[in-house]
Amino acid sequence: MALIGVGLIGSSIARAARSQGTVSEIVATARSTATRRRVAELGLADQVVESNAAAVAGADLVIVCVPVGACGEVAVEIGPHLAPGAIVSDVGSVKAAVLRDMAPHLPAGVHFVPAHPVAGTENSGPDAGFAALFVGRWCILTPPEDTDNAAVGKLAAFWRALGANVETMPAAHHDLVLAITSHLPHLIAYTIVATADELAEVTRSEVLKFSAGGFRDFTRIAASDPTMWRDVFLANKDAVLEMLGTFNEDLSRIARAVRRGDGEALFEHFTRTRAIRRNIVQIGQDSPAPDFGRPHPDLPVEPLPRPYAASDEG
Ligand code: NAP
């Protein structure tokens, strides 16, 4: 397996594939010398090489784990060096743009099966990954219609071996669904944290002090990697704007209920959203445990198991 990009997602794939014995050899590369050195120090791969082209030579499975905006240039670099019959995949949080940017540069005889593991944290880099990241999470495959079924089946089996549930859907549908479940929530978190920061000095210090009132959860999401999220919003512009339009209409309705003191409308709205949260817990996509946040270092509180402690995704 060749891994191009060994940050949070790439290093988690390396750790999980190693611990499950899913692949016989891992060859990895990253853009900077510093990251490549760190990957070697952590022992995440059997070989760490200097170029994307060198990484894919002879690989049966190539997984591109770089920001969405860099996928096209990576495809240009690796295209001529791919082995016939190789499966090429990625982990990008947007699928139609990755398909558009990568597919034209991949030679015939190579199977391109784009994928998105819907799992992650707000941390980046090779130290941030962990083997259990994908356990119980979804991995969405978005193969073009004419993709070889056997290649899709092999990649699905790979992700299942890492603990993920696998679903297949068209890239455009993926982008619409993720716009509301992931991209819009990140946009809202980035906005609310910046808005609070722009408030008057006195309020700002109190915003930090009393952050456990809800603000804290937004700050964690808003700490996510700026490059990754810039690329997501550039690549999924249409779906995000569509969902943002609907959100703005709903926000105006709620604002009107607040202004008019319409307690019945507010209560009805919050009852509906509470039921949605309970459904998410029921289908195992989050823990029912109350979220106290990160424990104070002096308190004898055990942190939650890793997949539950930080389960946002891109
Ligand atoms: P990350 O921790 O920042 O790691 C990105 C990696 O890509 C780094 O190793 C970086 O190398 C490398 N890279 C960047 N440009 C490159 C290039 N042109 N050639 C080779 N390597 C390059 O990012 P991540 O969180 O793992 O995200 C990677 C992908 O996964 C993104 O497409 C993102 O949309 C997707 N994703 C993320 C999450 C999440 O929650 N984070 C969840 C699901 C999917 P350097 O360190 O040397 O710069």
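Student: On strand β7 (residues 115-118), which residues lie on each side, and are they buried or exposed?

Tutor: This is a predicted model, and the answer holds within it. In a regular strand the side chains alternate between the two faces of the sheet. In β7 one side carries Ala115 and Pro117 while the other carries His116 and Val118, and both faces are covered, the state of these four residues being buried.

Student: Which residue in β8 stands opposite Val118?

Tutor: Strand β8 (residues 138-141) runs antiparallel to β7, and four bridges join the two. Ala115 stands opposite Leu141 in β8, whereas the residue opposite Val118 is Trp138.

Student: Which strands stand at the edges of the open sheet, and why is one side of each left without a neighbour?

Tutor: The sheet is formed by three strands in the order β7-β8-β9, with mixed pairing. Each edge strand has a single partner strand, so one side of it has no neighbour in the sheet, and these edge strands are β7 and β9 (165-168).

Student: Why is the pair of Phe134 and Trp159 called edge-to-face?

Tutor: A pair of aromatic rings is described by the distance of the centres and the angle of the planes. Here the ring centres of Phe134 and Trp159 are 5.0 Å apart and the planes stand at 85 degrees; because planes over 60 degrees apart count as edge-to-face, the pair is edge-to-face.

Student: Which residues form one aromatic cluster with Trp159?

Tutor: Trp159 is buried, with a relative accessible area of 0%, and Phe158 is buried at 6%. Phe158 and Trp159 also form an edge-to-face pair, 5.8 Å centre to centre, and the residues clustered with Trp159 are Phe134 and Phe158.

Methods. Residues numbered from 1 in each chain as written. Predicted model: local features only at pLDDT ≥ 70, side-chain atom pairs only at ≥ 80, totals over all residues. Heavy atoms only, no water. Buried < 20%, exposed > 50% of the residue type's maximum accessible area, 1.4 Å probe, protein only. Pairing = 2+ DSSP bridges. Phe/Tyr/Trp six-rings, centres within 6.5 Å; stacked < 30°, edge-to-face > 60°.
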